[in-house]
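Let's take a walk through this model together, looking at its aromatic rings and then at one of its helices.

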Amino acid sequence: MKFIVSSGMLLKNLQAISGVLNTSTPLPILEDFLFDIVEGELTISASDLETTMTTKMNVEAKENGKIAIPARILLDTLKTFPEQPLTFTIKSETFAIELSSDYGKYNLSGQDGEEFPRIPVIEDVQTLEMPTNVLSEAINKTVFATGNDELRPVMTGVFFQLNKDNITFVATDAHKLVRYRRNDLKSKTETSFILPKKPLNLLKNTLPAEDTKVSINYNNSNAFFSFNNISLICRLIDGRYPNYEAVIPKENPNALTVDRIAFLNSIKRVSIFSNKSTHQVRLKITGSELQVSAEDLDFANAANEKMNCSYVGEDMEIGFNARFMVDMLSNLSTNEVLVEMSTPNRAGLLLEAPSERNSDEDILMLVMPVMLNS
C-alpha cells in the first residue's frame with residue numbers, strides 16, 4: 001500500500017482530531033491514528049473508546065487499505081516539515097511504514113488497521129442542525145460549570161434539553177449552575193440527553209469560526225456531530241439529570257447592578273488575599289456602594305475595595321467563592337451584570353443587564369453562598 005499526501009494538510013487534519021488520544025490507554029492501538037484509504041479518499045480516526053473523531057482528505061493512492069500509525073511520532077515528525085509532498089509506503093505483511101520526504105526516509109512500525117476498534121454506527125437517530133457559532137457559544141457558556149465527581153456522573157456533562165419552543169443547555173456541580181437557553185433554536189421532538197465534558201471540549205476547539213452548520217444525530221446511547229470534513233461520535237452519559245429548575249430561587253428582592261469588568265477585576269485582586277481553602281470574598285452592599293473584601297486570618301492577609309453600583313433592596317452582606325464568581329463573570333458578555341439575591345444563606349443569581357440582553361438567548365448563572373466569618 002502506498003499513498004502521497006501534503007505534509008501541511010495532513011498535519012492540520014491530525015491536529016484537529018488528536019485531542020481524543022489518551023496518554024494512558026488499556027489498548028495500545030488507541031495510541032495510533034487509523035488511516036483508511038478507499039478510492040483516493042483518506043479517512044483518519046482517533047478514539048478512546050468513549051469518543052471517536054474522524055477527518056477526511058484526498059490523497060494520491062492506487063489501492064485501498066488500512067493501517068494504524070503511532071500518533072505521537074507521526075505528529076512530532078510532521079511538525080518539523082515545511083510544506084511538501086510525503087510518500088507513505090506500507091508493507092502489508094509486517095505493517096512496517098516508510099515515510100519519504102525531500103530530506104530523507106524515516107521508518108516506523110504500524111499495526112494492523114483491522115484491529116482498531118470498530119467505529120459505532122448510529123441507528124434510529126433523530127437529527128438536529130444548528131449554526132456552529134451557536135453550539136460553540138453554548139459550550140463556552142456551560143462546560144466550565146460541570147462537575148468532576150465520578151460518583152455523580154450526570155453532573156460531569158452538559159444537559160441538552162430540546163423543546164419545540166427553544167433549546168436549553170444546563171451544567172452544574174451543585175455549587176454553581178448555568179442555564180443557557182436559545183430561543184432561536186427549536187426541535188421537532190421534545191427530548192433530552194447528557195453530553196460528557198471531553199467531547200464538548202473537543203468540539204469547542206475544532207468548531208470552525210465561519211458561519212456553517214453542524215449536524216447533530218442522536219439516539220438513546222450516542223451522539224454524532226458532523227461539520228466540514230470532521231465528525232465526532234461520543235457515548236452519552238446514562239442517568240436522570242437533577243431537577244435544576246427547583247433550585248433556582250424565584251423571589252429575589254435585592255438587585256445589584258454593577259460594571260462587569262470592574263467587578264471581575266476587583267474580585268480577582270481581592271481574592272489574592274483570601275483564605276486559600278475557602279477562596280471566600282465578602283460583598284457588603286449599602287445604598288449605592290459595594291465593598292468587596294477578603295481576609296486570611298492565618299497569615300494576617302486582608303484586602304478591601306469599594307466601587308459604585310446601582311442597588312435596590314435591603315443593605316446586606318453575603319459571601320461567595322471567588323473562583324466561581326470569576327468563572328461566571330468571565331463567561332458573561334454584557335458591560336453590566338445584574339446580581340439578584342434574597343438572603344445571605346440563599347443562592348445568588350448572575351444575569352446579563354436587561355438593557356443589553358439579546359432576545360435570541362437567555363442566560364442565568366446561579367452560585368451558592370459561603371458562610372461568612374463573623
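The paragraphs below start with ring pairs and end with a helix.

This is a predicted model, in which local features need pLDDT of at least 70 and side-chain atom pairs count only at pLDDT 80 or more, while totals for chains, interfaces and linings use all residues. Residues are numbered from 1 along each chain as its sequence is written, and side-chain values use heavy atoms, with hydrogens and water left out.

Searching the whole structure turns up 11 aromatic pairs. Rings of Phe, Tyr and Trp (its six-membered ring) pair if their centres lie within 6.5 Å; planes under 30 degrees apart count as stacked, over 60 as edge-to-face and the rest as tilted. One of the pairs joins F3 and F35, with 6.1 Å from centre to centre and 35° between the planes, and is tilted. F3 sits in strand β1 (residues 2-6) and F35 in strand β2 (residues 32-38), so this pair links distant parts of the chain, 32 residues apart; strands here are DSSP runs of E, at least two residues long, and helices are runs of H or I, at least four, numbered from the N terminus. Both F3 and F35 are buried, meaning under 20% relative accessible area (1.4 Å probe, protein chains only).

Now turn to F160 and F193. Their ring centres are 5.2 Å apart and their planes meet at 20°, so the pair is stacked. Because F160 belongs to strand β12 (residues 157-162) and F193 to strand β15 (residues 191-196), the pair ties together parts 33 residues apart in sequence. F160 is buried at 2% relative accessible area, and F193 is buried at 6%. Ring pairs also link F160 and F193 with F169, Y180 and Y218 into a cluster.

Finally, helix α4 (residues 197-206) has P199, L200, L202, L203 and T206 as its buried residues. Viewed down the axis, these fall within an arc of 160°, so they line one face of α4; the arc is that of the directions from the helix axis to the C-beta atoms.

Definitions and conventions. Buried means under 20% relative accessible area, exposed over 50%, partly exposed in between (1.4 Å probe, protein chains only).
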